[in-house]
Amino acid sequence: MSRVLVWLRSDLRLADNPLFHFPTPPESLLCVFVLDDTWLDSLPGLDAPRIGPARLQFLWKNLIELRGELLKRGSDLLVRIGNPVEAIAELVEAHAIDAVRVRADAGWEESQASVTLAERIGGQLSMAPHDSGMLLDEASLPMAVEDIPASFSAFRRKVERRWEVPAAAPAPVTLPGWPANAPRGFPSLGKVCARAAAWAPDARGGFAFSGGEAAARARLDHYLWESGAVARYKQTRNGLVGANFSTRLSPWLAHGCLSARQVHDAVRAWEASHGANESSYWVIFELLWRDYFHWAARQEGASLYGERQLPAPSPGFRAWCEGCTGVPFVDAAMRELSATGWLSNRARQNVASFLVNELDGDWRLGAAWFEHCLLDYDVASNWGNWRYVAGVGRDTRDRRFNVLKQAAHYDPAGDYVAHWQPELAELPPGQARHQPWRVSPSRFAAPLAPLSLFADPD
Ligand SMILES: Cc1cc2nc3c(=O)[nH]c(=O)nc-3n(C[C@H](O)[C@H](O)[C@H](O)COP(=O)(O)OP(=O)(O)OC[C@H]3O[C@@H](n4cnc5c(N)ncnc54)[C@H](O)[C@@H]3O)c2cc1C
């Protein structure tokens, strides 16, 4: 009989979570989440912590829901704030734990934390990171992680040649009991961060992300079965306003309230009943992008982030963060991001390209700002997509977007920009709403660099 500690990170669910599936049930089970306290400190230059109020609040909601599910099954959850390795090591020693289970996360810091913990207390316990949450495990990849191709297309072609996604496993019905004398529960969010407790999404986002596994499954059911929106995903996925132009599953996937295999199984079930089409295939295709970035991040290690030291932010970067560049399409998206913690893929691509190519901004600052703002921040998807758009690292093609052309194509009436900048609604629908305007130099320490892409707005 053993005493097991499950160290939860970005895998806050019971269904399809290998950490909760035991060949032989242990004597006791301690489930722990540790919020790294350095994530609450402002990053130098960025004046913002790694985890912003929106994601911190969503994380707390997910933890509260997970605790409820664990309690129903005879277990519990302990949440600590501090250094994760120190906190886990202390619990291992205090409660004579002999096995630690943890997800094999894609992030370098997370994988180093597992290594450091194993080195520190490894002699006395077994610790094997488990693959979880993705479509494929390392064992089912058609290549070694060192050989993940530089391009997504090459990866996809190889994977789809012998494509078999294992079925998602159901949640356990009961769980082993809590160790005697082990602490339980967690601090209130208000004590951890008053701003996060008070944060409320802007209703103009048109969608509320509730926390936990049940909410994630409800959204999946709604998108597939109730609204039937999945049938048109390929045509609508570049949308900008509304709840159903894309799945909006990313926050739950990123926190691990839902696994990619659960989405995969649900889409296949929908296809069995309605018939497969290009759109249902495309949802799986996007999940494969997520797998690709996960495995690429595992291959890249610390180099995923580029040079570690962030450069000093320029006035242009600050204008970009605040949604005050003078380019309505970019500003609308950056305001939506700050106000809701979420942004469509089309808008993410455009604002990233704009920062890197038109404002000559550093992609790492952009990625760090997204990390602060996004509800669905995922280390591999965020840093991987930023590298991809900036054309650095593994795939160095030039991916510059002409933001004005994109705006004209994807927001022809200017409804999106007027939605987030009500002052533009006074202009007639159409291209007038996309005209760049001159930013007042007094608003920032120095005037913005001229926008080479655009004609002089005067
Ligand atoms: C600069 C930039 C940063 C990004 N940062 C993140 C991030 O931190 N976390 C994150 O989950 N996604 C990130 N993305 C990818 C993508 O924008 C979001 O996953 C998507 O917009 C989420 O909306 P959805 O759930 O409705 O996606 P859908 O279009 O419905 O797609 C279904 C799922 O597929 C996955 N997916 C779709 N596109 C991508 C992609 N390009 N890369 C990886 N996975 C994808 C997501 O898990 C998504 O939930 C980023 C993209 C860019 C361009």
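Buried here means under 20% relative accessible area, and the legends below apply that term to a predicted model.

**View 1. Cys257 and its closest cysteine partner.** Cys257 has 1% relative accessibility and therefore counts as buried. Its sulfur is 15 Å from that of Cys31, the closest cysteine sulfur, which is too far for a bond because a disulfide requires two cysteine sulfur atoms within 2.5 Å.

**View 2. Cys324 and Cys321.** Cys324, at 8% relative accessibility, also counts as buried. The cysteine sulfur closest to that of Cys324 belongs to Cys321 and lies 10 Å away, too far for a bond. By the 2.5 Å rule, the count for the model comes to 0 disulfides.

**View 3. The largest nonpolar core.** This core holds 91 residues, and those that touch the most other members are Phe155, Trp252, Val263, Trp320, Trp369, Trp386 and Tyr416. Helix α11, spanning residues 278-300, supplies the largest share of the core, with 11 residues.

**View 4. The surroundings of Val263.** When residues up to four places away in sequence are not counted, Val263 touches Leu220, Leu249, Leu253 and Leu258, together with Val283 and Leu287.

**View 5. A second, separate core.** This core is made up of 48 residues, among them Leu5, Leu56, Ile121 and Leu125.

Definitions and conventions:
Residues are numbered from 1 along each chain as its sequence is written. This is a predicted model: local features need pLDDT of at least 70, side-chain atom pairs count only at pLDDT 80 or more; totals for chains, interfaces and linings use all residues. Side-chain values use heavy atoms; hydrogens and water are left out. Buried means under 20% relative accessible area, exposed over 50%, partly exposed in between (1.4 Å probe, protein chains only). A nonpolar core is a set of buried Ala, Val, Leu, Ile, Met, Phe, Trp, Tyr and Cys residues joined through side-chain atoms within 4.5 Å. Helices (H or I, at least four residues) and strands (E, at least two) are DSSP runs, numbered from the N terminus. Contact means heavy atoms within 4.5 Å.
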